[in-house]
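Student: I would like a close look at a single part of this model, please. Could you start there and then connect it to a few other places?

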Protein chains: 4
Amino acid sequence: MHGAATSSELGVYAYAAAQVKKAMEVTHYLGGENYVFWGGREGYQSLLNTDMERELNHLARFMEAAVAYKKKIGFNGTLFIEPKPQEPTKHQYDWDAATAANFLRKYGLIDEFKLNIECNHATLSGHSCHHEVETARINGLLGNIDANSGDPQTGWDTDQFPMDVAEATLVMLSVIKNGGIAPGGFNFDAKLRRESTDVEDIFIAHIAGMDTLARGLRSAAKLIEDGSLNELVRKRYQSFDSEVGQVIEAGKGDFEMLEKKAFEWGEPKVPSAKQVK
Amino acid sequence: MHGAATSSELGVYAYAAAQVKKAMEVTHYLGGENYVFWGGREGYQSLLNTDMERELNHLARFMEAAVAYKKKIGFNGTLFIEPKPQEPTKHQYDWDAATAANFLRKYGLIDEFKLNIECNHATLSGHSCHHEVETARINGLLGNIDANSGDPQTGWDTDQFPMDVAEATLVMLSVIKNGGIAPGGFNFDAKLRRESTDVEDIFIAHIAGMDTLARGLRSAAKLIEDGSLNELVRKRYQSFDSEVGQVIEAGKGDFEMLEKKAFEWGEPKVPSAKQVK
Amino acid sequence: MHGAATSSELGVYAYAAAQVKKAMEVTHYLGGENYVFWGGREGYQSLLNTDMERELNHLARFMEAAVAYKKKIGFNGTLFIEPKPQEPTKHQYDWDAATAANFLRKYGLIDEFKLNIECNHATLSGHSCHHEVETARINGLLGNIDANSGDPQTGWDTDQFPMDVAEATLVMLSVIKNGGIAPGGFNFDAKLRRESTDVEDIFIAHIAGMDTLARGLRSAAKLIEDGSLNELVRKRYQSFDSEVGQVIEAGKGDFEMLEKKAFEWGEPKVPSAKQVK
Amino acid sequence: MHGAATSSELGVYAYAAAQVKKAMEVTHYLGGENYVFWGGREGYQSLLNTDMERELNHLARFMEAAVAYKKKIGFNGTLFIEPKPQEPTKHQYDWDAATAANFLRKYGLIDEFKLNIECNHATLSGHSCHHEVETARINGLLGNIDANSGDPQTGWDTDQFPMDVAEATLVMLSVIKNGGIAPGGFNFDAKLRRESTDVEDIFIAHIAGMDTLARGLRSAAKLIEDGSLNELVRKRYQSFDSEVGQVIEAGKGDFEMLEKKAFEWGEPKVPSAKQVK
C-alpha cells in the first residue's frame, strides 16, 4: 500500500488534507476570521484522461472534511471558495460564481461556504466583476472581494490594481445591498507590470487602488442617496407589485389565470429599460 | 389595471405564459416528446437598471407554472432548458450547463428539467462542447443535443453544421456513458454561411453533418471497445479503489486520519495523466 | 459571355464598381468631403474555397480604379478604408489598422487613403480603440473616427454609444497629437440596445455620447497642459536624445559601436515606466 | 553619460545589440541557416507612458543594424521575425503576420526578413494558423513554422504539440503552394501540460506531433492530386480569366467600362462558394 500511495492521486489527496489541516489550525491560533480555498489549479485539460464526476466527488468529500474539522477545533471563521476560470487548465471546476454555487448546492455545502470574488477572475470567465459579485450576493454567498482588475481583452490573470472608478462604484452598490461583507472584506490580490521597476511604484499603486475603492464607495452612496436609479428599477418592475403580480411572486400564478389575463390585456408593449449605451 | 398592464413587465409575463400554454397544448396534442425552453433572450445588459434577483425569481415562478400545467394536461414529455451565453445580452441567465443547474437546484426544479446542450453555445460560454455535455450528464441533466458547431474564435452564434469528427467522438463518448439520451436526441440547429448560395448545399451540409455524427459514434464505440483510454483513467484513479480511498469516497475520510496517512506516505508524486498535447 | 457574367464573381465586381461610381458622383455633387469604403463583408471563411491572394489583388485593382475615377471627376474628398474584423466572415481583409496599412503599402495606395477607425471594431480585433487610433496616426492614416463602443467581452459588433470618459480622453490625446482630423471628424455609428424602447432614449444617448467626447477632449487638454505625462514620457526616452541616441535615431548606430558602448556601460537597469496598474 | 546610460532605454538598446551581435556571430560560426527575432516582449501596456512611434523607429533602426551586420560578416542565413500577440504586454508590436509585414514595408525591410509563423501565436491573435501561414506566403514572407498549437479558447500561450491532422493539412497546403519553406522548416516550440509527469510522455508527444505533420502533408498531397478543391476554386474565380476579367487584373478596368458592363449584364447572382460548414 505504502509504495502505491506515494505516487498516486490518493497520496496527493492525503497530503493536501494534511496541509489544509495545519493551515486551518494556524489560522485559528492566530485569530483568523476567514479561510480561502483558492482552487486555482483544480480542473482538467481533457475528459479522455479525466473522470470529472469522480474528481468533483473527491473535491466535495474534501470540503466536507474541512467543514467537519473546522467545527471540531472550534474555528468559527468563514470558509471561502474563490471561483477561477482559466490557467493552468482550460476547464476549471470553480469557473465562476454560478458554477461554484451549483457545486455547493449539489453536495449540500451551500450553508457552509461563501465566495471570494476576484474581479480579474470574473472577467476571465466572460462576466463583469459586478455580475459575479451580484450573482454571489443573490445566492447568499458574497463574503469577500479580491480587489484587482484585469484587462477584459487579455486572456490571462494579470492581477492589476483596481483603478476603474466606474467598476468600483458598481461593485460597491452590490456590497451595500449586501449590508457589507464583514467578516470578509476587500484585499488587494494585485501586482505591478514588469514595466514598473521603481520601489515607490508599489506604494503608488496601493494608494491609487485604495482611493479607487473609496471613490467607488462614495459614488455608490451618492447614487443610492440620489435615488434616480432605484426609482428607474422600481418603476420597471412595479407591475409585479400589483395584485396579479403578487399572486405570481407568491407562486400561485398558474397558466390558466395568466392566459386569461393575456387575452384581457392584449399584446403588451415592453417598457423601456432606458439602456442608452 | 388594464392600461398599466398593456405596457409592463407583467403584461409580457402573462403574454409569454399564454404562448407557452398554447404551445405546450399543441405539443401534447401532436404527440410531442420534448419541450425546449430556449432562453436565448433572457438576460441583462446592466445591473443599474436590472433587479437580477427578482428576474430570476420570476423565471422560476414561470418554470414552476409550466411544470404544473404539464402535469395537469397529462403531458409526459421532457422539459428542457437550453443554456445560451452571449447575444443579445451580455449577461445571460442560462449561461452554461452549470449555471442552469444552479438555477434548477436553487428553485427546487432539478428533477423537473433536463438540458438541451448546443455545441455552439458551449464554445461561446468559454467551454468545449464535450465539457458542457459531460457537465450536464454528471448533474443528471443530459437530455438533448443541438448538434451544431461554431468557430471557437468567433464570438457570435454561427450555428454551423457539425463537421469535426474529433469533437463528435468526444460528445458521443458522453452520450454512451449516459446510456443514450432518449426520449431526446440530436437535432441540427444549423444553417449555411452566406457564401453558400446553391440549393444543393443544404443537402450536402445535412448529409455531411449526419455522417460526422455517425463517424463520431463509431469512433467512440471503437475507443470504448479498445479499452486503452478507460484503462488509463482507471489506473489514474485506482488508488481511490484502495481501502483508504473507499473510506474517503464514503465520506468518512477525516483530516486527522488523512494527516496520519500523509506522514506515513511522505510527499507524493503525481502520477502522469499522459496529457501529451 | 452575358450569361456567364450574370452569375459570377466578375459580375459582382462590375456591379459593385457601378455602384461606387454612382455613389462617388453623388457625393461629389452634394459637396461631400469624404468617402468611406466599409469593407465589412470583405473576407473569407475557409481557404479551401478561397484564393486570398487573387481576392486581395482584385480589391487593390478596385481601389486603384476608385482613386483614378475620383481624380477624373475632380472629387478632392478623402477616401477612407474602415478596418473591421469579425462578422460576417471570420477572416476579414481589413482586420485592423495595421492590416489595412499593410494592404495600402503593398499595392502602392498608402498616399491615396486614410483610415476610418471605429472603436467597436478596434475592440473586436483584440486592441483598444486608443491603439487603433494611434496606429493609424503614426502610419499617417488617421482621418476619421466612428465614435462608438462595444463591450470588450462580447464578440459581436454592438455599436453602442460612447459613454466611457477615460477611453474618450485617450482617443482625444491622439487626435490632438494628429493636429485634429479634418476634413474627417467624429460620427456616431451607434444604436440602442433592444431594452431601450422609448423614443426619447435615442436623444439621451446622443447627448450623453457627445458629452462624453466633449469631456474627453477637455480631459485630454488638461493632461497636456498639466504636462506630467508628457514629462514622464520625455524622461523615459531621454537617453535617446543623447549623442549616442541621436546617432542611433539617424540610422548610424551599427552593432560594433553599440557593443563597445554596452561593454563600457555594463548591464543596464530598466528605467521604470511607472505602469502602476 | 556613463551613469545615465546604465539606467536607460538607450543602455538596454546597446546591451541588446551586443547580445544579438554575439549570437549572430555564433550562429554564423556554427553554420546556422536562420536567425529568429522573437519579439515576444516587444510591446506596451499603455500609451500614456509610451511613445509607440519612437519605439517602432528604434526597432526599425535595430533591425537595419542587424541586416547590415549580417552582410558585413558574410552570414547568408535568413532573418526572421516571429509575430506574437499577447503576453506579457497587451499591445505587441509584431501582433500578427500582417502587422509584421506593415512594419517591414514601412521601414523598407520587406526584402531582408521572412516570418516565422507560430500556430499558437496565430490563434492568440484571433486568426487560424492557416490564415497566418497564407498571409505570410502571399506577402512573400513565409519562411519557417513553429509547429505547435494552442486551444483557441484559451488566451495564453500554451505551446502544445500539434495533434490536429485537419489543421496540419491546411498548413501543409500553403507550404506546398510556397514550394516548401527551405532553408527554414518546421520546429517544435512545444511543451507538455503539468499533468504529464512521465519522462516518456515527451517522446510520445514528439512522435505524435511528427506523425500529425506527416499525415497532414500526405493529406494535403492527396487533396492536391485529387484536384476537386482546386477545381472548385478555379471555377469560383474563372470569370476573371475572361477578357474583361483579364483587363481588370491588368489594372485597366476603369469604372466607366465596368459600369457599362454592369448595365449590360444586369444584377449578378453570387456563385456558391459551397461553404457548407
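**A close look at one interface, and beyond**

Tutor: About 1400 Å² is buried between chain C and chain B, with carbon and sulfur atoms giving 52% of that area. Please keep in mind that this is a predicted model. Chain C brings 16 residues to this contact, and chain B brings 16 residues as well. Within chain C, three residues stand out: C:Lys90, C:Trp156 and C:Arg194 supply 38% of the area that chain C buries against chain B, more than any other three residues.

Now for the charges. The interface of chain C and chain B holds two salt bridges. One salt bridge joins the side chains of C:Asp151 and B:Lys90, at 3.0 Å from N to O. As for residue types, the side of chain C that touches chain B has three nonpolar, six polar and seven charged residues.

The contact draws in 93 residues of chain B and 94 residues of chain A. There are 12 salt bridges across the interface of chain B and chain A. As an example of a salt bridge, the side chains of A:Glu53 and B:Arg137 come together at 3.8 Å, N to O. On the side of chain B that touches chain A, helix H3 (residues 52-72) of chain B gives the most, with 12 residues. That side of chain B consists of 40 nonpolar, 29 polar and 24 charged residues.

A:Glu82 sits in the loop that runs between strand S3 (78-81) and strand S4 (91-92) of chain A. A:Glu82 is buried but has no salt bridge, and the nearest side chain of opposite charge, that of A:Lys84, is 7.9 Å away. What does the side chain of A:Glu82 make a polar contact with? The partner is the side chain of A:Asn116, at 3.0 Å. Beyond its neighbours within four places in sequence, A:Glu82 has contacts that include A:Phe37, A:Trp38, A:His121 and A:Asp189.

A last stop is chain D. Helix H6 (residues 129-138) of chain D is mostly covered, with 10 of its 10 residues buried. Among them are D:His130, D:Glu132, D:Glu134 and D:Arg137. In the loop between H6 and strand S6 (142-146) of chain D you will find D:Asn139. D:Asn139 counts as buried because its relative accessibility is 12%, and the cut-off for buried is under 20%. The side chain of D:Asn139 is joined to that of D:Arg105 by a polar contact of 2.5 Å. Leaving out neighbours within four places in sequence, D:Asn139 is in contact with C:Asn102 and C:Lys106 from chain C, and with D:Ala101 and D:Arg105 from chain D. D:Gly140, which follows H6 of chain D, has a positive phi, near 70°.

Key. Residues numbered from 1 in each chain as written. Chains lettered and ligands numbered in written order. Predicted model: local features only at pLDDT ≥ 70, side-chain atom pairs only at ≥ 80, totals over all residues. Heavy atoms only, no water. Helix = DSSP H or I, 4+ residues; strand = E, 2+ residues; numbered from the N terminus. Buried < 20%, exposed > 50% of the residue type's maximum accessible area, 1.4 Å probe, protein only. Lys, Arg positive; Asp, Glu negative; His and termini not counted. Salt bridge = Lys/Arg side-chain N within 4 Å of Asp/Glu carboxyl O. Polar contact = N/O pair within 3.5 Å; in protein donor to acceptor, adjacent residues only side chain to side chain. Contact = heavy atoms within 4.5 Å. Nonpolar A, V, L, I, M, F, W, Y, C, P; charged D, E, K, R; others polar. Buried area = accessible area lost by both parts, 1.4 Å probe.
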